[in-house]
Amino acid sequence: MLTKTEEPKVMRDVIHGYIHIDLKIIWDLIDTKEFQRLRRIHQLGGDFQVYHTAEHSRFSHSLGVYEVVRRMVSEVKDLRETLDEKEKVYVMIAGLLHDIGHFPFSHAFESICDISHETFSSRIILGNSEIHDVLAKVDENLPEIIAGIIRYTYPNELLNQIVSGQLDADRMDYLLRDAYFTGTSYGAFDLERILRTIRVKDGKLLVKESGIHSVEDYIMARYHMYWQVYYHPVCRSYEIVLQKIFERMRYLYHNDFDKIKHLTMFLPFLDGEPTIYDHFYLDENAALYGISQLTKIDDQIAADLANRLLNRKLFEYEDVHKPEDEQRIQEEVKKSGYDLSYYCIMDTTSQSPYQPYGEKRGHVIWVLGDDKKIAELSTKSVIVQSLVKGDTKKECKIFFPKLI
Ligand code: ZN
């Protein structure tokens, strides 16, 4: 597991300068076909419809997460001294592979096929895949260990926290990377400072009290990125049209199968249990080809929705403040001859950048006080306290086609 590459490898990266690789197993994993598939998945789903430079892939994000983990376990003194050499490699691999199960268009697809990308990540790591072969060749227990860290069930919780806690390598990379590629400055925060102030105590990842300001900045970065980028209404519109395309395909699958039987890339996801083989072949190239084929079928709704997605004739939107707003738009959409179930969609989004009282483990950011006591972040930061106590920001919108 600790075998080195013949010489250290570096890959240029716009966020981290370089990605440094000197372990053979990391290099071999990057070379697998399942990891290379991530080049064909956009990191930000439909956001490239809003931010035209947001063309970066899950591939570059995954390398970035690996690099942040590598820096954490080698530069953060407490981690370097707490973890043994094997555990350092485990957590680097888990960082590299944490998004291996992603579907086309990122999260939008998950709601369509009702399977999370985390489930597929585990299946790929544990199943019949090149990734599994690389891991098992080195140590037959390794696939289970890596899947455990990604599922947050590995016995040493520190490793799980590094990959998917509140102050984890995943978020640290995607906030910086997504901010860069969308051209928004909101997501920027001081990664160097955070890395310098991370500590470990009682098996917990903490941040030193003097590092609070950079963590406040990081939480504010999340807040702005959620509303400016991740929940941008045009991006939601793209995802909603995509969801409706799949809803229509599912309807045709059960009621008029002949019309879509040639779209073999989608069929396993419309019914039954898709395998990791099906998952591998459904990248964004295949999905967009399938959607372009859909524009030619003899079904007005499917063809129209597919055209809208491909040619960016997305749905308009309006804020809904009272039930009458919804009724008024529904009537207008109906009058224009549209089927309401595909062409009039209510969508509510709410997000809080930091909620320390959630059920899920790893939800809390711990601070190591100057008095050496451990405290939850909002008890030490006035800014974070007001975010936690304040109302969760909510948006309710209705999406519908442009009405003439
Ligand atoms: Zn990720």
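The following exercises, each with a worked solution, concern a predicted model.

Residues are numbered from 1 along each chain as its sequence is written. Local features need pLDDT of at least 70 and side-chain atom pairs count only at pLDDT 80 or more, while totals for chains, interfaces and linings use all residues, and side-chain values use heavy atoms, with hydrogens and water left out.

**Exercise 1. The zinc site**

Determine which residues coordinate the zinc ion, and classify the geometry of the site.

Solution. 
1. Donors are N, O and S atoms within 2.8 Å of the metal (3.2 Å for Na, K and Ca); water is not among the atoms, so sites may look incomplete.
2. By this criterion, the zinc ion is coordinated by NE2 of His61, NE2 of His98, OD of Asp99 and OD of Asp170, at 2.2 to 2.3 Å.
3. The angles among the four donor atoms run from 82 to 171°. Four donors count as tetrahedral if all angles lie between 85 and 135 degrees; four count as square planar and six as octahedral if opposite donors are over 155 degrees apart and all others between 65 and 115; anything else is irregular. The zinc site is irregular.
4. Along the sequence, the donor residues follow the spacing H-x36-H-D-x70-D. His61 in helix H3 (residues 58-75) and Asp170 in helix H11 (residues 169-182) are 109 residues apart, and the pair links distant parts of the chain. Helices (H or I, at least four residues) and strands (E, at least two) are DSSP runs, numbered from the N terminus.
5. Buried means under 20% relative accessible area, exposed over 50%, partly exposed in between (1.4 Å probe, protein chains only). His61, at 0%, is therefore buried, and Asp170, at 15%, also counts as buried.

**Exercise 2. The packing of H7 and H9**

Describe how helix H7 (residues 117-126) packs with helix H9 (residues 142-150).

Solution. 
1. Axes are lines fitted to C-alpha atoms, for helices over the stretch in contact, and angles run from 0 to 180 degrees between N-to-C directions. The axes of H7 and H9 come within 9 Å and cross at roughly 170°.
2. H7 is therefore roughly antiparallel to H9 (angles under 35 degrees count as roughly parallel, over 145 as roughly antiparallel, 65 to 115 as roughly perpendicular and the rest as oblique).
3. Contact means heavy atoms within 4.5 Å. H7 contributes Ser122, Ile125 and Leu126, and H9 contributes Pro143, Glu144, Ile146, Ala147 and Ile150.
4. The buried residues of H7 are His117, Phe120, Ser121, Ser122, Ile124 and Ile125. Their cover includes H9 as well as helix H5 (85-97) and helix H8 (130-138).

**Exercise 3. The surroundings of Val207**

Identify the residues that Val207 touches, not counting residues up to four places away in sequence.

Solution. 
1. Val207 lies in strand S4 and counts as buried at 0% relative accessibility.
2. Val207 touches Leu167, Thr197, Ile198, Val215, Ile365, Trp366, Val367 and Leu368.
3. From Val207 to Trp366 the C-alpha to C-alpha distance is 6.4 Å, at a sequence separation of 159 residues.
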